[in-house]
Amino acid sequence: LIRLFRFGRLYQRWHELIPLSFVTLTVLVDLVLVVLFVHWAACFWGFMGILFTGLHTGESGWSTWLLRAIADKHLNCEWYEVPHYSVYWMSCYWAMCTVTSVGYGDIAASNLTEYAISTVIIFVGAFIWAYVLGTVTTAISSLDPHTIEFERDLDDLHLLVQEKNLDS
């Protein structure tokens, strides 16, 4: 995590070596932001699924997203036999659906702790997703500066006609 603070210097070096357009750079940075958040959310979600499944195995009425996913996906194994990469990919799937607001619902919270965790991830993910959509939309809309300038000039002309009470 501490190395992320050095990203600014690394970014500056890369930008000098590989000159990318503003739009390309914005989309790439936003893609990295989404991938990192999805990875962190997936790791946390998967860890919590394994931890709570292990802690509460055998308790009646206790369920976790991992136990439900194993049953729903018809995996013929116990929770501790599920490969970690499978748990990670199921968690990535959940995190991506959560962050992008798709929310299929096939992997969902099953207990109060998981509801609390997913609520925090939904809250943070919504802000990240809104930021990404906003910056990408702004970057794409700035691709044609001549059209933007022309439309501003038309707006100015329209205001001038209204102020001077000229006939259209």
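The questions below go from the whole chain to one residue.

Guide: This is a predicted model, where local features need pLDDT of at least 70, side-chain atom pairs count only at pLDDT 80 or more, and totals for chains, interfaces and linings use all residues. Residues are numbered from 1 along each chain as its sequence is written, and side-chain values use heavy atoms, with hydrogens and water left out.

Visitor: What makes up the protein chain, in helices and strands?

Guide: The protein chain has 6 helices and 0 strands. Helices are DSSP runs of H or I with at least four residues, and strands are runs of E with at least two, numbered from the N terminus.

Visitor: How does the radius of gyration of the protein chain compare with that of a compact globule?

Guide: The radius is taken over C-alpha atoms, and the globule rule is 2.2 Å times the number of residues to the power 0.38. For 168 residues, a compact globule would be near 15 Å, but the protein chain has 24 Å. Its C-alpha trace spans about 80 × 45 × 25 Å along the principal axes.

Visitor: Why does Thr98 count as buried?

Guide: Buried means under 20% relative accessible area, exposed over 50%, and partly exposed in between (1.4 Å probe, protein chains only). Thr98 has 15% relative accessibility, so Thr98 counts as buried. Of the 168 residues of the protein chain, 26% are buried.

Visitor: Which residues is Thr98 in contact with, leaving aside its neighbours within four places in sequence?

Guide: Contact means heavy atoms within 4.5 Å. Thr98 is in contact with Ile121 and Ile122, those neighbours aside. Thr98 itself lies in helix H4, residues 84-99.
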